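Colleague: Could you take me through one part of this model up close? I'd like to hear about the packing on the inside and the aromatic rings.

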Amino acid sequence: MSNNNMNNLQMMFRDKELINNIVKAIKSYNGRQVNIMEVCGTHTMAISRYGIRSILPDNIKLISGPGCPVCVTPSFYIRTAIELAKTKDIIITTFGDMMRIPYKESSLLREKALGSDIRIVYSPLENIEIAQSNPDKKVIFLSVGFETTTPIIALSIMEAFEKGISNYMVLTANKTIPEVMRVLSADKEIAIDGYIYPGHVSAIIGTSLYKELAEKYGIPGGIAGFEPLDILGAIYKTTENISSNIIKVENLYSRVVSSEGNQAAKTKINEVFEECDAVWRGIGCIPKSGLKLKHKYIEFDAWCKMEIQVKEQQDEPIGCRCGDILKGKCLPYECKLYGDVCT
């Protein structure tokens, strides 16, 4: 797509007249209160950035789900990463969003300031060059993410395997969306009436999961992009279907998401990873919701190769409502620790 076409597309999805019309349609809703969960953390940020909650009527409530991979990474993982970073012959690599996550009095950013070799990468494939350039060091990538980033992580492991690079490892905390959405859908305390499904993850996994949830739990929803009109359109269509008792999955992001998803990406994931149980911060262990390296690639598993003793106890401060926030039962500012103990 040319830059001109991309700019035109962006302008269309931020068109004031179109947005005003759909806002009017949303505000005209006069049915019962509906709770719509946006699962994706990027949607949560976009909703806040554009002030979308402030323009909704009182009978339409948006609740945020556990769709931020960093937010659901358990504290024992952060503790382990910090401990590894203090080891002299180790280079820790990570995406930038992990740097500021606190663990007690420390964080990766603090350890870097104190002299640990911690590097931000923008693609896991950068780890191959770092490992080759530092043969006397162990390069450990903090492998945190959902289905969106997992394919490129898998590709980096496949490349290291093919090139015989033995000093590259990943510390896995990869998670998948299907099982946690099944848990959320079955939780009567949350009372989810509809979903705004994650755009990036849906581009990889397709739409079959959402159809299964809709049929089993009677919860409709819409797959949305991240522009204002994308999100507002999903809210409007989902609310309309809820009020009409139409249990349907609307693909409002068909310019990116297909029913079958990205088969090439799924193949890469299935080549390198297999399902495992995973601990979600504030939620607990969800069976088959995580990914671990297959035996073929076990030499790249930092948990195994470094013989890390996993201590899975949570170290959240007293009064932490992380679990309630990640299940959409409350908003961050409703936790007394928000902005103070918790940053």
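Predicted model: local features only at pLDDT ≥ 70, side-chain atom pairs only at ≥ 80, totals over all residues.

**Inside the core and around the rings**

Modeller: Setting aside neighbours within four places in sequence, Tyr-168 touches Pro-124, Asn-127, Ile-128, Ala-131, Val-139, Phe-141, Ser-156, Ile-157, Ala-160 and Phe-300. Tyr-168 belongs to the largest nonpolar core, which has 57 residues. Along with Ile-157, Met-181, Tyr-195 and Phe-273, Tyr-168 is among those with the most contacts inside that core. Helix α7, residues 150-163, supplies the largest share of this core, with five residues. There's also a second, separate core of 26 residues, and Val-70, Leu-84, Val-144 and Met-169 are among its members.

Now for the rings. The model has seven aromatic pairs. Take Phe-226 and Tyr-253: their ring centres are 6.1 Å apart and their planes make an angle of 90°, so the pair counts as edge-to-face, the label for angles over 60 degrees. This pair links distant parts of the chain, with the two residues 27 apart. Phe-226 is in the loop between β8 (221-223) and α11 (228-243), while Tyr-253 is in the loop between β9 (249-251) and α12 (263-272). Both Phe-226 and Tyr-253 are buried. Tyr-195, which we met in the core, turns up again here: ring pairs join Tyr-195, Tyr-197 and Tyr-210 into a cluster.

Lys-175 has its charged end over the ring of Trp-280, 5.9 Å from the centre. Arg-49 lies over the face of Tyr-50, and the distance to that ring centre is 5.9 Å.

Conventions. Residues numbered from 1 in each chain as written. Heavy atoms only, no water. Core = buried A, V, L, I, M, F, W, Y, C linked by side-chain atoms within 4.5 Å. Buried < 20%, exposed > 50% of the residue type's maximum accessible area, 1.4 Å probe, protein only. Helix = DSSP H or I, 4+ residues; strand = E, 2+ residues; numbered from the N terminus. Contact = heavy atoms within 4.5 Å. Phe/Tyr/Trp six-rings, centres within 6.5 Å; stacked < 30°, edge-to-face > 60°. Lys NZ or Arg CZ within 6 Å of the ring centre and 35° of its normal.
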